[in-house]
Amino acid sequence: MTEQTTHEARDGIPRGLDKVVGSAAEAVADIGDGASLAVGGFGLSGNPVALIEALLAQGASGLSVVSNNCGVDDWGLGLLLGAGRLAKMTASYVGENKEFERQFLAGELEVELTPQGTLAEKLRAGGSGIAAFFTPTGVGTQVAEGGLPRRYDGAGQVAVASPVKEVRTFDFAGAVREFVLEEAITCDFALVHAVRGDRHGNLVFN
């Protein structure tokens with residue numbers, strides 16, 4: 001959501017930073033073509049539907065989205081996908097969406113599959129100013145070894161594949177184990193559904 005700074009006084013007290021906006025349309029007004037978005041929700045629960053619908057009406061395209069999944073054909077992020085607004089999707093789960101499959105195989109959509117726990121930590125690290133971290137998740141798989149298709153060429157051939165990631169050995173918790181380096185994720189905007197929020201941006205979830 002957008003931030004609004006105002007120096008208007010309420011009862012003689014400067015209001016300072018005020019993140020409250022009047023509508024979902026106003027909240028997404030600053031999102032431009034090519035922006036990156038972190039979008040809340042798990043499965044079809046907790047999706048910021050009002051903001052997604054407002055963004056659909058707003059018209060921004062070429063979006064890179066980070067979320068647990070891409071919704072279904074007529075719900076959640078599936079609305080933006082069906083309208084051709086997404087250029088890249090970073091998610092841990094991509095099933096149950098036929099249009100997603102079609103766009104991916106046709107070379108219209110770039111997809112970065114990421115284990116769910118790793119995805120959550122990549123976002124948390126980005127918000128904490130941590131550039132990267134090592135995790136055991138994905139060691140010995142194509143997550144670390146590379147070669148996962150990210151984009152097809154429309155003719156069945158892989159145009160872009162996931163890169164090889166650095167793997168290092170650490171003595172951790174009394175055992176020598178391998179860990180793969182994962183880079184943090186930061187986005188231009190985040191769309192989040194909560195039961196209520198205040199003007200400072202604090203949110204309460206149901």
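Begin at helix α4 (98-105): the elements covering its buried residues include α3, β5, β6 (110-113) and β8 (149-152). Helices (H or I, at least four residues) and strands (E, at least two) are DSSP runs, numbered from the N terminus. Contact means heavy atoms within 4.5 Å. Buried stands for a relative accessible area under 20%, exposed for over 50%, and partly exposed for values in between (1.4 Å probe, protein chains only).

The structure on display is a predicted model, in which local features need pLDDT of at least 70 and side-chain atom pairs count only at pLDDT 80 or more, while totals for chains, interfaces and linings use all residues. Residues are numbered from 1 along each chain as its sequence is written, and side-chain values use heavy atoms, with hydrogens and water left out.

**The whole protein**

Display the entire C-alpha trace, which spans about 60 × 45 × 30 Å along its principal axes. The protein has 206 residues, of which 34% count as buried. Its secondary structure comprises 6 helices and 14 strands. Among contacts with a separation of 6 or more, 56% are between residues 24 or more positions apart.

Next, colour by pLDDT, the predictor's confidence in each residue, from 0 to 100. The mean for the protein is 91, and 92% of the residues reach 70 or more. Residues 1-10 stay under 50; the model has 25 contacts for them beyond four places in sequence.

**Helix α4**

Return to α4 and select Phe100, Gln103 and Phe104, the buried residues of this helix. Because they cover an arc of only 100 degrees around the axis, they lie on the same side of α4. The arc is that of the directions from the helix axis to the C-beta atoms. An α-helix has 3.6 residues a turn, so residues three or four places apart point the same way.

In the loop between β5 and α4, select Glu96. Its phi is positive, near 65 degrees, although Glu96 is not a glycine. Most residues other than glycine have a negative phi. Glu96 has a relative accessible area of 62% and is therefore exposed.

**The nonpolar core**

Which residues have the most contacts inside the largest nonpolar core? Select Ile31, Leu37, Leu55, Leu63, Leu86 and Leu191, in a core of 28 residues. At least two residues of this core come from each of β3 (36-39), α2 (49-58), β4 (63-66), α3 (78-82), β5 (86-91), α4 (98-105) and β12 (189-191). The largest share, 4 residues, is supplied by α2. A nonpolar core is a set of buried Ala, Val, Leu, Ile, Met, Phe, Trp, Tyr and Cys residues joined through side-chain atoms within 4.5 Å.

Centre the view on Leu86. Apart from neighbours within four places in sequence, Leu86 is in contact with Leu63, Val65, Cys70, Leu77, Leu80, Leu81, Glu108 and Leu109.

Then move to α2, where Val49, Leu51, Ile52, Ala54 and Leu55 are buried. Among the elements that cover them are α1 (24-27), β3, β4, α3 and β12. After α2 comes Gly59, with a positive phi near 100 degrees.

**The open sheet**

Now select the three strands of an open sheet, ordered β7-β11-β10 with antiparallel pairing. β7 (132-135) and β10 (167-172) are the edge strands, each pairing on one side only. From one strand to the next, the twist averages 40 degrees. Helix α5 (residues 116-128) packs on this sheet, touching β7 and β11, and its direction makes about 150 degrees with that of β7. Axes are lines fitted to C-alpha atoms, for helices over the stretch in contact, and angles run from 0 to 180 degrees between N-to-C directions.

Strands are said to pair if DSSP finds at least two bridges between them. β10 and β11 (residues 175-183) are joined by 6 bridges; Phe170 stands opposite Arg177 in β11, and Phe172 has Ala175 as its bridge partner. β7 and β11 are joined by 4 bridges, and the partner of Ala132 in β11 is Glu183.

Select the turn of the hairpin formed by β10 and β11, which has 2 residues between the strands; Ala173, in this turn, has a positive phi of about 55 degrees. Is Ala173 buried or exposed? Its relative accessibility of 73% makes it exposed.

**Last stop: Gly138**

Finish at Gly138, in the loop between β7 and α6 (142-145). Gly138 is buried, at 12% relative accessibility. Not counting residues up to four places away in sequence, Gly138 touches Val143 and Ala144.
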